[in-house]
Amino acid sequence: MRRYDGVPPEILADGTWLLERRTFWASLMYGLAEEDLLHALFGSGEEVWLTDQIDNLHEEIEQSGKWPVLRLGTQASDFAMVAWHGHGTEGYDFVVLPGGDRCISVASVEGGFYGPGLSWPEAERLIERGQLGSTAQRLLLLLRALGDADMPTEVVGQVAEALLAVGNATCSYEIAVEAAQQLLKDEARWTMQGEVLLCDGRHAVRRPGGLPPEDLLKLTRALQ
């Protein structure tokens, strides 16, 4: 994966501590849902701007000198999120580990956005098979990599309940639903072409020609 060329393995670290930080979830959703909704769901107080809380989290990660990694733990193949930093910027990458020594990036937040990298059926399987955290946490972790115009309508309710499960207990269900609707807006469609699942999103690396054909096939098989 080009982004990780020359990066020593020791810079990668266990990132499970992020799961218990509401600011992490806010940072993951930031830019997709309105800030006031995210503040209601994840903010730590009216006197502190949500953006300041997110900046503090990124600074904490950078000062650690490590790149936290969250692996879903799906046995044969795996899916992970990497919180990276460097050269005055930071972001999140979503990668598929199809086996062997391969690591293929399918979506990114900041640092050159691309995606979506997952269809809804693929995300469902990862949520079901994954062993990281709770079901709600796995669902929210995949949101920034997910984009599928054919998602069933009940996914909005699932995401709203997940937001409340990891966010402020006093937040209303109506706010969570409104945030979920904004987080799930995507017109990308997925189709099988031969043995390969492809996305029509113009920023998707899983589009025709976005990756070498052998990598597109590896991704499809790993996420089945």
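**Close-up views of a predicted model**

**View 1. R207 sits in the loop between β7 (196–199) and α8 (213–222).** Helices (H or I, at least four residues) and strands (E, at least two) are DSSP runs, numbered from the N terminus. This is a predicted model, in which local features need pLDDT of at least 70 and side-chain atom pairs count only at pLDDT 80 or more, while totals for chains, interfaces and linings use all residues. Residues are numbered from 1 along each chain as its sequence is written, and side-chain values use heavy atoms, leaving out hydrogens and water. With a relative accessible area of 32%, R207 is partly exposed (buried means under 20% relative accessible area, exposed over 50%, partly exposed in between; 1.4 Å probe, protein chains only). Beyond its neighbours within four places in sequence, R207 is in contact with L198, C199, G201, R202 and L216 (contact means heavy atoms within 4.5 Å). The C-alpha atoms of R207 and G117 are separated by 9.5 Å, although these residues are 90 apart along the chain.

**View 2. Here are the buried residues of α8: D215, L216, L217, L219, T220 and A222.** They pack against β4 (89–97), β5 (104–109), β6 (190–193) and β7.

**View 3. Helix α1 (residues 22–29) packs with helix α3 (residues 50–64) at an angle of about 105°.** Their axes are 9 Å apart; axes are lines fitted to C-alpha atoms, for helices over the stretch in contact, and angles run from 0 to 180 degrees between N-to-C directions. The two helices, α1 and α3, are therefore roughly perpendicular to each other (angles under 35 degrees count as roughly parallel, over 145 as roughly antiparallel, 65 to 115 as roughly perpendicular and the rest as oblique). On the α1 side, look for T23, F24, A26 and S27; on the α3 side, find L50, Q53, I54, L57 and H58.

**View 4. The axes of α1 and helix α5 (residues 135–142) cross at roughly 35° and come within 10 Å.** In this view, F24, W25, L28 and M29 of α1 meet Q137, L140 and L141 of α5.

**View 5. F24 touches L18, L57, L70, M81, Y92 and L141, not counting residues up to four places away in sequence.** Which residues touch the most other members of the largest nonpolar core? Of its 66 residues, they are F24, W25, F79 and V159. Such a core is a set of buried Ala, Val, Leu, Ile, Met, Phe, Trp, Tyr and Cys residues joined through side-chain atoms within 4.5 Å. Helix α6 (residues 155–166) gives the most to this core, with six residues.
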